[in-house]
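Hello,

Here is the structure I promised to pass on. Please open it first, then read my notes below.

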Amino acid sequence: METGKLALFIKISPPILTKETIGDTYVQLRLFDAKTNESVPHTSYFISVWKDDKLLLRNLFHAHYGELTLKIVPTKVDVNNVVIYGDEVPQIPGAWTGFNDRVDVHAPVLLDSGLYHFEIKIFGIDYDQNIFAESNVKTFNSWLSVGDISNQKITYNGKSYDASIISYYDKINNFKFDETKKSISFSMPFNWDAKRIGDQPIFVHQEVRIPKAFKEFTDTTAYDGRVSGVPTVGRMLILDPYSIEGTSILHFLINKEDILKIAKTLPAGTKTMEFTVAPMSTVAKNTFDVKLNSGATAKISYDANLGAGDTIPLQISFFDPNGELLKFVRHGFRIEDSSGKVLIENYGNDPQKPGILSSEGIDIQEFKFPSQGNYKFTLGIFDHGLDELTTYQGIGSSTFAIGKSGQTGQPVPDYQIPSWIKNNAKWWAEGTIGDSDFVQGIQYLIKQGIMKIPNAQSGSGTSQTIPSWIKNNAKWWAEGTIGDSDFVQGIQYLITQGIIKV
């Protein structure tokens with residue numbers, strides 16, 4: 001087999017570690033054929049692990065069936081005294097394997113918070129004795145962060161509150177609460193070397209958890225966040241008031257691009273990443289829901305003071321049918337104007353795996369709306385959860401209005417549908433009333449001004465056949481699966497075809 005066509009799949013479980021969760025940590029390695037996706041049998045993996053340039057593990061492992069699972073048991077021992085529970089492969093001196101290719105490794109790996117560098121060399125494939133010449137050895141690199149939990153007491157106006165910082169990258173230091181500014185600050189060790197950052201996948205995630213009883217901090221939707229003095233924008237700071245009852249969680253989500261931008265602003269020799277966050281005056285929000293045909297719902301909210309011509313951050317929060325936040329959602333979206341022209345379509349940057357990944361189930365997407373009026377927001381979920389479940393895979397859309405910049409308040413859509421019309425739509429979809437009765441009823445409501453439909457110019461079509469998709473739309477709208485805007489589109493179609501005369 002040609003090694004040039006092989007790829008390595010590395011999975012860490014759990015994918016984000018804190019010192020509290022590393023009791024059952026598994027590293028899974030699977031060498032596979034990139035074209036057929038089949039695991040390569042009898043793979044020999046030479047695995048080295050470093051932290052801060054200190055070698056912690058260097059051993060050879062073998063997977064007869066192709067997928068190797070290492071259970072890591074963090075143990076304070078020297079690298080030369082690492083203990084491995086498994087079987088040695090007779091044909092490969094020093095190589096370890098085990099039942100179902102699973103091996104327990106007691107090593108000084110994942111003992112402390114920080115960044116671990118895994119280097120995996122593929123020494124051989126296809127049969128046990130096959131060991132590559134040095135020039136054919138393939139090397140893969142991966143980095144894994146072990147986080148830290150810092151529990152703190154905050155005192156404000158004589159009252160004490162339990163807060164916590166969870167770092168998914170390195171150890172938390174220098175926690176401070178400034179009572180006059182109501183600001184929380186902390187730091188962690190960080191190597192700002194641009195070459196190091198550029199050479200590896202890197203992502204910094206910090207959580208600030210504050211009890212909602214601390215109302216002076218949590219009774220707002222707006223926060224001023226800063227990373228090493230640089231203000232957070234867009235997805236860099238996300239508020240999650242849903243996941244833990246009685247707790248507001250603020251997520252700093254700092255990607256590689258953000259880190260490289262911040263690095264340019266810092267003096268040489270900086271060795272920490274600094275975080276501060278403080279509440280700002282609450283911002284009035286406009287909100288609308290998108291109901292997906294899978295039962296999931298998305299709540300979209302945006303600053304009510306922003307309007308046409310402004311760049312508007314749209315916050316999208318995903319929920320299951322029970323109202324629980326959906327985590328690790330891979331999604332895409334589309335925005336159209338009232339004429340149906342697509343203004344933006346975003347399904348992520350990975351053609352192999354479509355979707356924008358929102359690990360916390362909340363995403364922020366910025367968009368500048370060219371003019372006041374109605375827009376259609378279509379949202380799709382590809383999968384969710386760490387196991388990429390498709391339970392809530394689906395699509396839905398909703399219409400919302402963008403008003404004038406600086407004009408607070410929810411703009412009124414340019415259509416009006418009384419809710420009781422849902423009964424008519426349901427009866428029609430079920431066949432209780434016929435096409436002509438439904439059409440005549442809608443026609444009467446539009447003429448009387450009870451139901452308002454935009455762009456209601458009658459067409460000159462002669463066909464009286466109503467497409468099945470319109471009846472389906474009516475059924476789904478009556479059941480609440482799709483929004484008003486989709487139902488309106490169906491009525492607009494009937495008007496333009498001359499089936500409904502207005």
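The second largest pocket has a volume of about 800 Å³. Keep in mind that this is a predicted model. Which residues lie nearest the centre of the second largest pocket? They are Thr221, Ala222, Lys285, Gln315 and Ile364, out of 31 lining residues. Several strands give two or more residues to this lining, among them E17 (223-227), E19 (237-240) and E22 (285-291). Strands E24 (311-319) and E28 (362-368) are also on that list. E23 gives the largest share, five residues. Sorted by class, the lining has 18 nonpolar, eight polar and five charged residues.

Next, look at glutamate 207. You will find glutamate 207 in strand E16 (residues 203-211). Is glutamate 207 buried or exposed? Its relative accessibility is 3%. Buried means under 20%, so glutamate 207 counts as buried. Now find isoleucine 238, which is 31 residues away from glutamate 207 along the chain. The C-alpha atoms of these two residues are 9.7 Å apart.

Last, go to the surface. Trp420, Tyr444 and Ile450 form a nonpolar patch there. Together they have about 330 Å² of accessible area. Where is isoleucine 450? It sits in the loop between helix H5 (435-447) and helix H6 (468-479). Isoleucine 450 has 33% relative accessibility, so it counts as partly exposed. That class runs between the buried cut-off of 20% and the exposed cut-off of 50%.

Best wishes

Definitions and conventions
Residues are numbered from 1 along each chain as its sequence is written. This is a predicted model: local features need pLDDT of at least 70, side-chain atom pairs count only at pLDDT 80 or more; totals for chains, interfaces and linings use all residues. Side-chain values use heavy atoms; hydrogens and water are left out. Patches are made of residues with over 30% relative accessible area and no salt bridge: like charges are joined within 9 Å, nonpolar side chains (Val, Leu, Ile, Met, Phe, Trp, Tyr) within 5 Å. Accessible areas come from the Shrake-Rupley method with a 1.4 Å probe; for residues, only the protein chains shown count as cover. A salt bridge is a side-chain nitrogen of Lys or Arg within 4 Å of a carboxyl oxygen of Asp or Glu. Helices (H or I, at least four residues) and strands (E, at least two) are DSSP runs, numbered from the N terminus. Buried means under 20% relative accessible area, exposed over 50%, partly exposed in between (1.4 Å probe, protein chains only). On a 1 Å grid over the protein atoms alone, a cavity is a set of points where a 1.4 Å probe fits but cannot get out, and a pocket is an open set with protein on both sides within 12 Å along at least five of seven lines; lining residues have an atom within 4 Å of a point. Grid points are joined across faces, edges and corners, and a volume is the space filled by probe spheres set on the points. Ala, Val, Leu, Ile, Met, Phe, Trp, Tyr, Cys and Pro count as nonpolar, Asp, Glu, Lys and Arg as charged, and the others, Gly among them, as polar.
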